[in-house]
Amino acid sequence: AAPALSLDPLRYTSIALYLLCDQPSPATVDSMSVSCATRVSSLTVYPVKSCGGVRCETATLTETGLQFDRCWMVVGVQPPSKNRRSRSSTEPTNHFVSQRSDPKMALVTVTLPPYILAADWDGVLKPGAAMLIAAPGMATPLEVPLAPAAPLPRVRVGVWEWTGMGGDEGAAASAWFSQHLGRPVMLVRWLGNGGLPPSATYPARRVPMCIAVQRRARLMAAAATACGVVVKISRVKSPLMQWGKLLASAAAAAVAELAVEAIRVAASGVPRRPTDPEFASVHCTNFSDGFPMLLISDASLEGLNAALSPGEPHMPMNRFRPNITVSGCSPFAEDIWGSVVIGGEGAGDAVLGGEEEGEDAQTVRDGVLCDFVKPCSRCTITTVDQATGKASMRQPLQKLREIRSGEKLGFREEWKDQPMFGWNLVARSPPGAVLRVGDVVSVTETRQFT
C-alpha cells in the first residue's frame, strides 16, 4: 500500500514548484532549507551489503562510515585459475553479489544485539554476541559471531574496481547463502579499520584484541611514571633506585613489545579502500558502493512520489537504502548543500557559512561535520520491491530519468543520462562521534555542483 503523505500545504507547494521547473533555484532552496527546522528523521545501517537494514536511534561514526554498516558482503565463489607457465594456482578475486543480479537478497533480514547500537555502549561484546540472519524459506537463521573464536581465513574479494582481502565466515555461512540464492557464494567480513569496533575486528584478522593492547599501554605508562617519580626522589644509591631501574627496564620492554605489535599489524596486510580522490581524496570506505554514507531528505522522496503517474505505487524509502534521512526541508534542497553539521547543542541557531565567531557558531562545531561530495546515481536495485524480492523494470528509474537526470540537474556531460537521487557524504569529524535521530541538521555551506 502507498504510504500516506503529509498534508502540509507549504511542502506540497514546494513540490509543485519543483515539478514545474527543470531544476530548483539555488536561492529559493537555500532560503527554505535554512528557515526550516531540518532534523535527522532516521538512521539505518546495512551490516551485510545488499541485505536488509537495521534501524538505529544512534549511530557511531567510524573511519569508513557508520559503525556496522557494510561490514559483511556476499561474494561469488571463483575457482583458482591455473598459471600455465608455473603450473601453480592463482588466487581468484571473488566479486560482490547484490540485488542487481540477485533480487532475493532483499528478503534477507539482519538483526544485531540491541545493546551494541546504544550510544553508551562501552565497546565490550558479551559472550556469544552474534549477528542473526534470516530469510523466508530458510529453516533456521544463520548465526554469525561478532567476535570469531579463531582468526578467519583470508580470501581475495572485490567491490567494483577495488580488490583486497576479506575474512571468510566459514562453511556454514557459505552453505546458508548458497541455498538461499541457489548458487555457490560465501559470506566475507571487512578486515580493515573502521566499520566494526575493535572488539569485533581484531580477533578476525590475526592480531590481539585492542583491549589487551590498551591494557599493555596503560601498564607501560604507569611503569614509566613510577620510574620518573623514583628517579626524582632518589638522589643516592639505594634499593629504591634499583627498583626504579627495574621499572625502567619494564617500561622499555613494553615499548618494544608495542612496536613489534605495530609492525605485526602493518605486515598483516590490513585492507584499506580509499574513496574516489576526485570527490573525497582523504577518506576511505569498506564494502559500500563507493562512499561512507548516503543521505536523502523525506521531502525529496515525497517530491518523487508526487511526480509519479496516477495509479502508480509510491516508492518507500527502503528502495534507496540511505544511511541518513532528514525532515523539515524543501524537496531536493540537499542538491545545493555543500556541508552540514549534524547535532551540536543549539545547532539550529547556527549562521550559514560559519563565519560568525559568536557562541552559536562555536556550538554548531560540536556536532558532526559532513561534506556532500557526489550525487548518487541510481541503479536497478531501486526497482526491487524490498518486501517481495521482485524487480520491476520501470519505476522509479523511468521517472528519475525524466526529472532527475544529470542533464536536467546541470551536472557533467558523462552523467547526463544517469538518474540522480540522494547524496554521498563523508565526515570531517573524528571517529567516535555519535549521530542521533532528532539531531538538528545545520547547513553551513552551499554550492552548485557541476
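Is Arg70 buried or exposed, as judged by its relative accessibility? In this predicted model, Arg70 counts as buried, because its relative accessibility is 12%, which falls under the 20% limit used here for burial.

## Salt bridges

Arg70 has a charged partner in Asp69, with which it forms a salt bridge whose closest N and O atoms are 3.1 Å apart. Asp69 also counts as buried, at 2% relative accessibility, so that both members of this pair, Asp69 and Arg70, fall in the buried class. Side chains of opposite charge can pair when their charged atoms come close. Across the whole model, the count comes to 12 salt bridges.

Another of these bridges joins the side chains of Arg412 and Glu278, with an N to O distance of 2.7 Å. Arg412 lies in the loop between α10 (406-409) and β23 (420-427), while Glu278 lies in the loop between β15 (273-274) and β16 (284-285), so the bridge ties together parts that are 134 residues apart in sequence. Arg412 is partly exposed, with a relative accessible area of 22%, whereas Glu278 is exposed, with a relative accessible area of 51%. Arg412 also meets the side chain of Glu414 in a salt bridge, here at 3.9 Å from N to O, and Glu414 counts as exposed at 53% relative accessibility. Elsewhere, a network of salt bridges links Lys49, Arg100 and Asp289.

## The nonpolar cores

The largest nonpolar core has 69 residues, and those with the most contacts inside it are Ile133, Phe177, Leu187, Ile324 and Trp337. Strand β23 gives the most to this core, contributing five residues. A second, separate core of 12 residues includes Leu304, Leu308, Phe332 and Phe421.

Ser339 is found in strand β19, which covers residues 337-342. Ser339 is buried, with a relative accessible area of 3%. Not counting residues up to four places away in sequence, Ser339 touches Leu369, Cys370, Asp371 and Phe372, together with Arg428, Ser442, Val443, Thr444 and Glu445.

## The largest pocket

The largest pocket has a volume of about 790 Å³ and is lined by 34 residues, of which Arg100, Asp289, Gly290, Cys376 and Asn424 lie nearest its centre.

Several strands take part in the lining: β15, β17 (293-297), β20 (368-377) and β23 each supply at least two residues, and β20 gives the most, with four. The lining residues divide into 13 nonpolar, nine polar and 12 charged.

## The second largest pocket

About 390 Å³ of space lies in the second largest pocket, which is lined by 20 residues, with Thr44, Tyr46, Arg55, Met317 and Asn318 lying nearest its centre. The elements that give two or more residues to this lining are β1 (39-45) and β18 (324-327), and the largest share, three residues, comes from β1. By class, the lining of the second largest pocket has eight nonpolar, nine polar and three charged residues.

## Enclosed cavities

How many cavities of 30 Å³ or more are there in the model? The count comes to two. The second largest cavity has a volume of about 70 Å³, and its lining is made up of Val45, Cys56, Thr58, Ala59, Thr60, Gln67, Phe68, Ile116, Leu117 and Ala118.

Strand β3 (residues 58-62) provides the largest share of this lining, with three residues. By class, the lining of the second largest cavity has seven nonpolar and three polar residues, with no charged ones.

How values were computed: Residues numbered from 1 in each chain as written. Predicted model: local features only at pLDDT ≥ 70, side-chain atom pairs only at ≥ 80, totals over all residues. Heavy atoms only, no water. Salt bridge = Lys/Arg side-chain N within 4 Å of Asp/Glu carboxyl O. Buried < 20%, exposed > 50% of the residue type's maximum accessible area, 1.4 Å probe, protein only. Core = buried A, V, L, I, M, F, W, Y, C linked by side-chain atoms within 4.5 Å. Contact = heavy atoms within 4.5 Å. 1 Å grid on protein atoms, 1.4 Å probe; cavity = no way out; pocket = protein on both sides within 12 Å on 5 of 7 lines; lining within 4 Å. Points joined across faces, edges and corners; volume = space filled by probe spheres on them. Nonpolar A, V, L, I, M, F, W, Y, C, P; charged D, E, K, R; others polar.
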